[in-house]
Amino acid sequence: MLKGLLKLSWIEMKIFLREPMGVVGSLVLPVLLFVFVGRALRLSPRGVENPMARLPFNIAILTALLISLGAVQSLVAIMAIYREGGILKRLRATPLSPVAILGAHVLVKLAFTLVAMMVMILAGRRVLPGAMPVSGTSFIVAVLIGTTSILSLGFVMASLVRSARFAQALGAALTYVMLALSGVFFSVERFPRWLQVVANALPTTHAVTLMRAIWAGAPWVTQLLTMGALALIFGVCIGFSSRWFRWE
Amino acid sequence: MTAVSVQSGTDAGYICTMPLPVVTVRALSKRYGRTVAIADVSLDVYEGEIFGLIGPNGAGKTTTMECIQGSRRTDGGSITVLGLDPRRDATALRRRIGVQHQEAQLQKRIKVWEALDLWASLYDRQRVVDSDLLLERLGLAAKRDARFMNLSGGQKQRLFIALALVHQPELVFLDELTTGLDPQARRAIWELVRDIRARGSTVFLTTHLMEEAERLCDRVAIIEHGRVIEMGTPLELVARHCPQRRVFYSTDEEGGERLHELRGEGDDFVTDVIHRIAQDGARVRGFRTEVPTLEDVFLKLTGHAIRD
């Protein structure tokens with residue numbers, strides 16, 4: 001069934017590219033934001049050696065997170081629309097396995113995240129030389145690992161909501177919550193205890209921790225705990241979805 | 001001396017012409033919460049026929065069909081499809097059946113050829129037909145590069161038929177295939193369904209259109225409130241429940257035109273009337289017969305019209 005999985009992924013990629021607004025919103029805008037904020041800082045009259053240091057947060061990590069959350073929102077919306085239109089049901093009536101039907105969308109989202117991250121790293125090297133991480137590859141891998149875990153939460157959302165309209169609203173709302181609690185803007189340690197618990201239950205928080213560490217050049221071995229947390233959330237979300245996901 | 005005894009075979013010359021059942025359903029039941037969707041449905045579908053499950057919306061047609069396809073869990077009874085248990089052997093069954101769902105959609109921006117290409121990749125390569133020939137056969141060749149969202153209702157349905165036929169399935173399920181189509185598109189689709197049968201597949205369809213059932217189906221089962229209330233060929237059902245025929249004709253008489261109306265039963269009734277008119281030597285101006293249809297059968301059996 002690998003052939004079917006790859007064929008479906010390839011077609012879904014082409015379909016995604018045919019919808020210009022989706023591409024702009026989830027790929028182009030975050031990278032543009034990154035480039036313009038980066039440039040604005042760099043061209044400031046006072047001049048700074050490390051433009052990243054002027055912001056209370058790392059704009060590259062924020063951008064990576066926005067790309068990743070854009071992928072999740074898009075996934076939730078697609079699942080709801082496909083369910084409403086009977087597309088999932090129709091695919092389910094073929095010999096293609098359920099894992100392949102949904103896995104194709106994960107592959108597509110990861111592929112576009114990869115492309116967006118590569119564009120961001122390359123643009124960053126031009127606009128912000130010296131401010132980018134030593135290993136762009138490691139950083140991208142960290143982003144992809146984080147995104148996979150966040151996508152699994154997307155399937156939980158897709159399992160819970162019925163209508164496409166509600167799915168998009170819920171996806172957006174949860175995105176803001178995850179963004180606020182992720183630790184990109186504020187340190188999670190300063191949250192009240194209960195909010196720390198909430199933040200730690202969300203994959204975004206661990207994704208940011210991982211990205212930040214890899215950005216700073218930390219070796220992968222030091223991040224096993226964080227990756228374990230991401231894997232645990234992934235497992236729980238997939239387990240939940242495989243029980244509650246509705247095909248129609 | 002050698003005695004030769006020759007024994008002629010007793011049953012050797014007997015050839016069973018009865019077609020094989022492709023679908024066997026016995027005492028099938030299904031509830032949604034407290035609502036009984038289908039109760040005690042039993043039916044057989046034979047190889048090479050177009051079988052129609054007919055009844056009003058909400059009667060349980062789609063639920064029955066989906067239980068047979070294995071995409072819905074049943075609450076009771078047994079189902080065998082192509083010798084398989086649709087739930088237990090779901091994947092094996094999906095390789096051998098073709099499916100079209102009611103009011104289904106595809107990805108808005110998928111192109112016709114991409115959809116066929118994808119579906120073709122999901123089945124055994126030996127069984128998959130050439131998709132360009134298939135598009136030709138379904139009158140979609142000119143739409144090969146069109147996006148799904150730009151197809152008309154009839155074209156969408158023809159594409160769904162194409163997807164259901166891409167792997168030459170032994171059994172094809174068509175759920176409310178022509179609902180929402182104009183009469184011309186509907187007739188074109190009927191031709192395609194007859195063509196599926198001509199190529200050796202069995203067709204299981206649902207419809208709430210009595211004309212469609214009458215024109216298309218070899219056998220029908222009428223379903224009402226989740227129960228099969230009657231089964232047979234359309235002609236059998238009409239003969240069994242509405243045998244009455246009516247003949248209207250007008251003749252030239254001295255005082256002008258005279259109208260006649262005759263009622264009777266049986267297949268010979270109309271012929272008898274014609275003979276009688278011929279014997280009388282009357283000059284006939286107009287002649288019309290009224291033969292009951294499945295619609296009348298449905299009305300008689302349920303007490304209401306199917307569109308209610």
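**A buried glycine in chain A**

Author: A:Gly146 counts as buried because it has 28 C-beta neighbours inside 10 Å, where buried means that 20 or more other C-beta atoms lie within 10 Å of a residue's own, exposed means 12 or fewer, partly exposed is in between, and C-beta atoms are placed from the backbone. The model is predicted, and local features need pLDDT of at least 70, side-chain atom pairs count only at pLDDT 80 or more, and totals for chains, interfaces and linings use all residues. Residues are numbered from 1 along each chain as its sequence is written, while chains are lettered from A and ligands numbered from 1 in the order in which they are written.

A:Gly146 has its place in helix H6 of chain A, which covers residues 136-160; helices (H or I, at least four residues) and strands (E, at least two) are DSSP runs, numbered from the N terminus. If neighbours within four places in sequence are left aside, A:Gly146 is in contact with A:Ser68, A:Pro203, A:Ala207, A:Leu210, A:Met211 and A:Leu230, contact meaning that the C-beta atoms of two residues, placed from the backbone, lie within 7 Å.

Of the 248 residues of chain A, 44% count as buried. Chain A holds ten helices and zero strands, and its radius of gyration is 18 Å, close to the 18 Å that the globule rule gives for 248 residues, so chain A is as compact as a globular protein of that length; the radius is taken over C-alpha atoms, and the rule is 2.2 Å times the number of residues to the power 0.38. Along its principal axes, the C-alpha trace of chain A spans about 60 × 40 × 35 Å.

Another helix of chain A, H1, runs over residues 2-17, and its 16 residues reach 23 Å from the first C-alpha to the last, close to the 22 Å expected at 1.5 Å a residue, the expected span being 1.5 Å times one less than the number of residues. Buried residues in H1 of chain A include A:Gly4, A:Leu8, A:Ile11 and A:Ile15.
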